[in-house]
Amino acid sequence: MSRAVSSWILRSARSSIILQGKGHCYSICIPNRNKIKWKLVFSKTCPYPAGSCSLDRALSFPKAFRHTSTEEHFSFQLSPAQINDVLRAGELSHRTLNGKNSNSVLRFESNQLASNSPIEDRRSAATCLQTAGMMFGVFDGHAGAACAQAVSERLLHYIAVSLMPRQSLEEMELAVEAMKPVRPILQWHRHPDYVEYQEIASQYFKNLRVYWQHLLDLDAEPGFTLEETMICAFKRLDSDISLEVQAPQENELMRNIALQVAFSGATACVAHIDGVHLHVANTGDCRAVLGVCEEDGTWSTLPLTRDHNACNEFEIRRLKREHPRSEEKTLFVNDRLLGILMPSRAFGDVQLKWSKELQHSILENSCDVESLNIYQYVPPNYHTPPYLTAEPEVTYHKLRSKDKFLVIASDGLWEMLSNEKVVKLVAGHLTELNMQKPPLAFKKPVSLGYMHNLLLQRRRKGLTSLDQNIGTHLIRHAIGSNEYGEVDPEKLAAMLTLPEDLARMYRDDITVTVVYFNSETIEDYYRNH
């Protein structure tokens with residue numbers, strides 16, 4: 001089986017000269033005898049020191065599992081335990097405690113699976129400490145991981161600061177001026193392998209301070225609605241990304257990071273949940289979907305975002321309004337913005353925002369940008385930039401007791417599974433987990449043999465084999481399902497052991513976070529109001 005599958009993959013890859021793929025980067029597949037080479041317009045290299053991309057080490061496949069396309073007869077044989085090790089490496093879960101910040105969130109579960117090496121997706125989850133609510137974000141990077149990494153570390157802070165009252169901002173500013181500790185703004189919920197580099201975090205804090213100083217310069221309380229807050233935070237962070245790379249920087253590391261953040265890109269979907277109030281801000285083609293349990297027990301799907309790409313008529317009309325009529329036929333080429341980018345909104349990607357002259361000036365004055373895999377590339381018909389914006393669309397939804405969970409995921413999941421299929425899988429998983437386990441009716445005295453038999457009974461019922469993390473369950477189905485919607489172990493093993501230089505042709509990075517709501521808390525709200 002493994003030899004037949006491997007030769008099929010190699011044949012299909014080598015028969016392609018030009019590959020558009022499912023991803024965001026414009027790519028060319030150049031067959032060269034037995035070796036496939038990828039020529040990317042933008043960088044696919046992580047800008048941080050080795051290990052600093054928080055989940056790369058955890059989510060990269062062990063070398064025994066991965067191959068290159070030069071191996072004519074690579075094997076797809078993985079044991080069930082090895083498959084589980086790969087799928088579960090990026091698992092993250094957190095159950096909220098009772099208190100003012102727990103709100104209607106009962107718990108969340110998340111996972112990631114890499115296709116790119118290193119993975120270009122990122123995720124964030126945090127509890128607001130100086131305001132109410134929790135935030136969850138999924139960030140899909142392209143042309144490298146740099147922009148997604150930066151946005152995942154910074155955006156939630158920008159939103160939280162925008163929500164803080166003037167007095168809290170003043171207290172923070174006084175503490176910084178007096179060189180005293182600043183009360184934390186967020187409590188992060190991160191993967192155990194996450195690594196924070198102090199030099200980078202310190203620089204980001206300085207830039208955040210400039211933002212709250214701007215808010216303090218306003219004559220009175222900003223008085224933003226949450227929708228306005230999220231829009232303002234998205235746009236301000238994207239503006240800072242653009243300005244930081246233009247500012248003089250003596251620190252070479254920070255200069256290189258600023259370059260790679262600005263010249264790569266990322267889409268973003270962030271949810272803010274405060275009691276029954278749910279706001280979702282989306283820029284690009286990540287997606288948020290609500291799972292609703294109707295009164296008759298059936299499940300329905302409520303999309304809270306719209307993909308920003310060539311399939312969205314509203315986006316096409318928006319771009320046509322913003323550019324001359326003479327460019328109508330060149331705005332989207334082969335369903336990509338200017339023939340390059342699939343999403344029509346994103347952070348970074350200054351190649352589609354700056355003038356040609358500014359791009360040339362920045363890159364000409366930078367040290368050895370080729371070593372950072374950054375190249376000046378001006379697409380055809382580039383006349384009236386900016387063509388790209390990070391401004392999000394924000395959706396408000398008032399939670400009801402029948403709203404059971406929220407799924408936020410990068411497009412790697414949605415390319416494989418429909419909204420309805422994802423909700424069905426989560427609902428089914430929830431039902432299985434809630435099944436009553438066999439009672440442990442102990443006899444006295446309890447013997448080891450008796451306990452062993454009880455555990456065997458439980459195992460035979462399949463309760464121990466179920467993925468405890470819903471993110472893992474969704475990823476398993478996304479890459480391993482056959483035409484009947486069932487997980488095919490052979491297909492799953494094949495998809496997990498695809499050579500690194502071919503994996504991106506068959507699947508994208510996948511990141512998914514599922515937030516479960518506390519129905520009792522929501523019902524209490526409506527009883528009290």
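1. Leucine 113 has isoleucine 510, in strand 18, as its bridge partner. Strand 5 (residues 105–113) and strand 18 (residues 510–517) run antiparallel and are joined by eight bridges. Serine 110 stands opposite threonine 513 in strand 18. Two strands are taken as paired if DSSP finds at least two bridges between them. Helices (H or I, at least four residues) and strands (E, at least two) are DSSP runs, numbered from the N terminus.

2. On the source: this is a predicted model, in which local features need pLDDT of at least 70 and side-chain atom pairs count only at pLDDT 80 or more, while totals for chains, interfaces and linings use all residues. Residues are numbered from 1 along each chain as its sequence is written, and side-chain values use heavy atoms, with hydrogens and water left out.

3. The overall counts are as follows. The protein has 17 helices and 18 strands. Of its 529 residues, 54% are buried, where buried means under 20% relative accessible area, exposed means over 50%, and partly exposed is in between (1.4 Å probe, protein chains only). Among contacts with a separation of 6 or more, 75% are between residues 24 or more positions apart; a contact means heavy atoms within 4.5 Å.

4. Which strands make up the open sheet, and in what order? Six strands form it, in the order 4-5-18-17-11-12, with antiparallel pairing. Strand 4 (92–95) and strand 12 (299–303) are at the edges with a single partner strand each, so one side of each has no neighbour in the sheet. From one strand to the next the twist averages 15 degrees.

5. Helix 12 (residues 419–434) packs on this sheet. The strands touched by helix 12 are strand 5, strand 11 (287–293), strand 12, strand 17 (403–409) and strand 18. The direction of helix 12 makes about 130 degrees with that of strand 12. Axes here are lines fitted to C-alpha atoms, for helices over the stretch in contact, and angles run from 0 to 180 degrees between N-to-C directions.

6. Strand 5 also pairs with strand 4, in the antiparallel sense and over four bridges. In this pairing serine 93 stands opposite glutamate 109 of strand 5. Is strand 5 mostly covered or mostly open, and how many of its residues are buried? Strand 5 is mostly covered, with eight of its nine residues buried.

7. Two packed helices are described by the angle and the distance between their axes. Helix 14 (residues 470–480) and helix 15 (residues 489–496) have axes that come within 8 Å and cross at roughly 95 degrees. The two helices are therefore roughly perpendicular to each other; angles under 35 degrees count as roughly parallel, over 145 as roughly antiparallel, 65 to 115 as roughly perpendicular and the rest as oblique. Helix 14 contributes Arg476, Ile479 and Gly480 to the contact, and helix 15 contributes Lys491, Leu492, Met495 and Leu496. By class these are four nonpolar, one polar and two charged residues. Ala, Val, Leu, Ile, Met, Phe, Trp, Tyr, Cys and Pro count as nonpolar, Asp, Glu, Lys and Arg as charged, and the others, Gly among them, as polar.

8. Glutamate 393 is in strand 16 (residues 393–398) and is partly exposed, with a relative accessible area of 25%. Leaving aside residues up to four places away in sequence, glutamate 393 touches Val280, Ala281, Asn282, Arg306, His308 and Arg345. The side chains of glutamate 393 and histidine 308 make a polar contact at 2.8 Å. Such a contact is a pair of N or O atoms within 3.5 Å; within protein, one must be able to donate a hydrogen and the other to accept it, and residues adjacent in sequence count only if both atoms are side-chain atoms. Methionine 230 is 163 residues from glutamate 393 in sequence and 9.3 Å away in space, C-alpha to C-alpha.

9. Cis peptide bonds deserve a check. One joins serine 117 and proline 118, with omega about 5 degrees; proline 118 lies in the loop between strand 5 and strand 6 (121–128). The bond from proline 385 to proline 386 is also cis, with omega near 5 degrees, and proline 386 lies in the loop between helix 10 (356–364) and strand 16.

10. Positive phi values come next. Aspartate 335 has phi near 65 degrees and is found in the loop between strand 13 (332–333) and strand 14 (336–337). Leucine 338 has a positive phi of about 55 degrees and lies in the loop between strand 14 and strand 15 (347–348). Aspartate 335 counts as exposed at 53% relative accessibility, whereas leucine 338 counts as buried at 5%.
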